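The sequence and the model come first.

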Amino acid sequence: MLNWLSRYAPFLEPVSRGLPALDVGSGPFGVGFWTGRSFVGVDLSFEGPPHPLNFAIRADATALPFLDGAFESVLLADLLEHLPPERRPAALKEALRVAARRLLITFPAGEAARRADNAFARWHEAIFGTVPGWVTEHVAAGLPDPKQVGGLLKGLAEVQNLQLRLDMSFGENVLFHLILTVFDHLPGLGREAVEAVKSELGAWARLCRQAAIGTPYRVNFIVELAGRPGPVLKGLKAEPDVFKVLACPECRRGLIPQPDLLRCAYCGAAYRREGATWDLRPGQGVGRVRPDDRLAELKEYLGPEFDPEVFRDVAAKVDAEFGRFHDPREFYRRSRIYLYDLTLWDLSGAKAPGLRLVRALTALDDTVLDYGCGIGADGLRLMELGYRRVAFADFDNPSTRYLKWRLQRRKVGAPVYDIERDPIPRHRLVYSFDVIEHVPEARVFLKTLERLGEIVVVNFLLDPPDKRTDTVYPEYYRQVRKLIGGVRRGRCVLFDDTYRFEVTPGKYLKYRLLAWYSKPRPFLSVVICTRNRTDQLHRCLESLAAQKISRREFEVVVVDDGSDPPAAIEAFKDRLKIRLLRRPHRGLAVARNWGIRAARGHVVLFLNDDVTLPPDGLSSHLKFHRDHPEVWVGMLGRVEWAPQLEINPIMEYVTGAGGQQFDFRGLVPGKEVDFWHFYGTCLSLKRDFILNHGEFFDPAFTYLWDDIEFGYRLAQRGLKVYYRPEAVVYHHHPADTDYYVSRQRTCSRMAVVFAHKHPELAPRLLPGIEGRVDGEVERLRAQVALLEGSVTKNPELKPTLEAVYGRLLWAAYLEGVAEGLAVYGQVPGTAQIIRRAQAALEAGRFAAALRILRSGRYGPPEIRILYRLAAALAASSRNLAAEARSEPLWAWILGALQGEPLPDVAPVWLDGWAAAEYEEVFYLLFKLGRAEELDRIFPLAAWVWPDEDDRARALARIAARAGNPELAAALLTPLARLGRARPQDLQFLVSALVEVAREGA
């Protein structure tokens, strides 16, 4: 790794003081290992887990999955020598494309570097018996020529209309490089040396730079760029920040994040995470990449009138036609040339940021209105993403007539409202893209949108372009910033950011994209549940009253869970927007549910009544959720003991080395946390996500585990929670060892309840109690008492004390497990549940199967799908309401079972995971002999497997798995006769025929 320091040393200063950088060919550690700053690392594969500061993405250097100008700085550190010479121009071109300010390149060059590589290879082979792969790649590809690299950079910059200043310098000398590289490979020395170097990083970086004397090993290029706006990526606080700059590697348009994948709304490709990294290499998308048929569709609609020549400089042709109309409105009412312009604008991907925001703010079952829809480009893309309740609105014109034809062609019954004649109902969200600059009264237009939607999304074009159609109302551009300011001052703003789009080389349109609630409401609801702790509650409310944000941004909802005497908040009504809900004592879970339902904020922040916040505590949550509007994104803050408390050893242990109460040790700022860290003391979520899925805290948990179990269910629905330690709360709850022993017993008793509700988690929740020893808790408690009395005077006893703490709390946990099992009974295994449920389904007892499977609703796929199928067969749509809202496949399956017709055009989402789930449903129905239901869902097969041969293969696979080899053989035989069978098809066919013969015998 010292060799890596010499690689990065020339670039540490600009990368350390700038915005987040892109490191291409970073490996798991990358430049952030040395700078201590978050960065995006790209590599074809990562040899180990990425460093916590590395937001790692698998990608190809010659097809970087990022928007143009995404990063302030792009590094190609020791990359070019690993690429064949013919691929190096493509890698440099891509690096220039995604860099906004500078490109930093280093690579070994020259005969001396080649000899140094050979010398190191001989040494490594003599000592370890192998030659490192990177040396082999250097030899195979050949070292780059600095003059050729400089010439390529200048030529590529000219093509991309960029101005550059190129500075070349030499890196460390050959001998220094060899010393560092050999030292890196000496067993047992590397880690200690690296830690020592990091403690004096500045001095070592200077040493590496000063070693640039004599014969160099590396050559460095610092390429400063001009002629491009600032970088798209302004900060890297959490993984969703990276999503803002991602582009589909297949078609270069912006990707649309969804809870478990990244989807391209244009070509249909979808990309999933593999472990800690997203795989965005070309050809790795799980979706079916499909050609965009918008041009063919327009050609079909216009018939003989279609003229492909119109697409050549269509903007000039539109402007010319526009000039022939005295009234701009007449142009839009009569122009058919405008259809070409709108089609090309749709294909450009310019509105991907808007589509991303609509997807972020809504569920797939929400009502969405495309106002000023034109040809319906955006609404149709939303429908392809899985939205089922999209409507359109515009005045009657050639564009809307074309839209109606497109909907009819797709056999989709979406309404198209005439804004001059039709009453338009209110929708969950109304959006209007590239429209407001075309209307004469922008303020009236915004009021109309607020009347039609609960949430309004508008992109404001900030500067007038050259097109005459966009400059007919110059008053708009004089007042646009006032319009935006008016929205921001008087509304609950959900998202507010700028983006740009390059219409021609070097020419950009700049937009401001805003989303807000049409009616006043707070952005954040702080929910605090309390019972008989008036002093703690008032201390918490005092800290909220001291927050450095406007009172209109947040409200406080206090739920009094049966306090005696009742909680009082009168002293805070002048300082906070606060409400008090008094309810009979039902426990913390029920109280939190009351708070969720009563909250009016977009985001719900759960706080305990025994915590306080620093003055900027709430602003951290507000900023995070405005920057990351995805409804499925939440934020976890950090809990620390209040500075006023005297921290005793057990309090330090349970929030430190033990982690029995709060365990933040392994959490990485900005990275996703699992549901085991779903701490209800400092957690904020979008309220809509909770309501959309109908998931609330479970009242069965009377004490502990309620938040973790709630988090588990939400995580199975797609919730992603990210850790931001700056959002700290201070915990005012002194406790002693006896308290934590009792807490562990109660915790493990509730763990038995948890395991009954989710048997798949039983192995972690309920360890074997065979090793439990009677009296172990009392014996260890006595040891702890002796050690606690001595550790103050003898700090060296602390490790011993902590070890005994661990055994004591574990023994208490095992006692609680035994007590819980005695009360609630043993937890059935997953296999047992599946067998019982399948027997009930085969007997036609669907309601019974549903009861058996209820505990597995959130479990592994084999039991989760069985539960959903049982609910569908039992016609229990209530049990599938959440699935139907968030997972389009189950909406279509339920609709098909109820006899609803399917649209004619397959949506882009029905592939990958959804296709596998459909195949499982098909198999289960086939195995259960449910012929009628099979017939109803069979039309979906044409969506899942649009190719007839693939459909035959899939159905043969299902038939064989269900024990019907004869049908499997019948499905594959035609492929073999026509010569379209693959080798694996023939093997499968032979196996099926053998099985048929065996059964016949």
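## Strand pairing

A393 has Y417 of strand 15 as its bridge partner. Strand 14 (residues 390–394) and strand 15 run parallel, joined by 3 bridges; two strands pair if DSSP finds at least two bridges between them. Strands (E, at least two residues) and helices (H or I, at least four) are DSSP runs numbered from the N terminus.

This is a predicted model, in which local features need pLDDT of at least 70 and side-chain atom pairs count only at pLDDT 80 or more, while totals for chains, interfaces and linings use all residues. Residues are numbered from 1 along each chain as its sequence is written, and side-chain values use heavy atoms, with hydrogens and water left out.

The open sheet has 7 strands in the order 15-14-13-16-17-19-18, with mixed pairing. Strand 15 (416–418) and strand 18 (492–504) are at the edges and have a single partner strand each, so one side of each lacks a neighbour in the sheet.

## Helix 19

Helix 19 packs on the sheet and touches strands 13, 16, 17 and 19 (contact: heavy atoms within 4.5 Å). Helix 19 (residues 442–452) also packs against helix 20 (residues 474–490) at about 35°, the axes being 10 Å apart. Axes are lines fitted to C-alpha atoms, for helices over the stretch in contact, and angles run from 0 to 180 degrees between N-to-C directions. Helix 19 contributes A442, R443 and L446 to this contact.

## Cysteines

The structure holds 0 disulfides (cysteine sulfur pairs within 2.5 Å). The C529 sulfur is too far for a bond because its closest cysteine sulfur, in C540, is 11 Å away.
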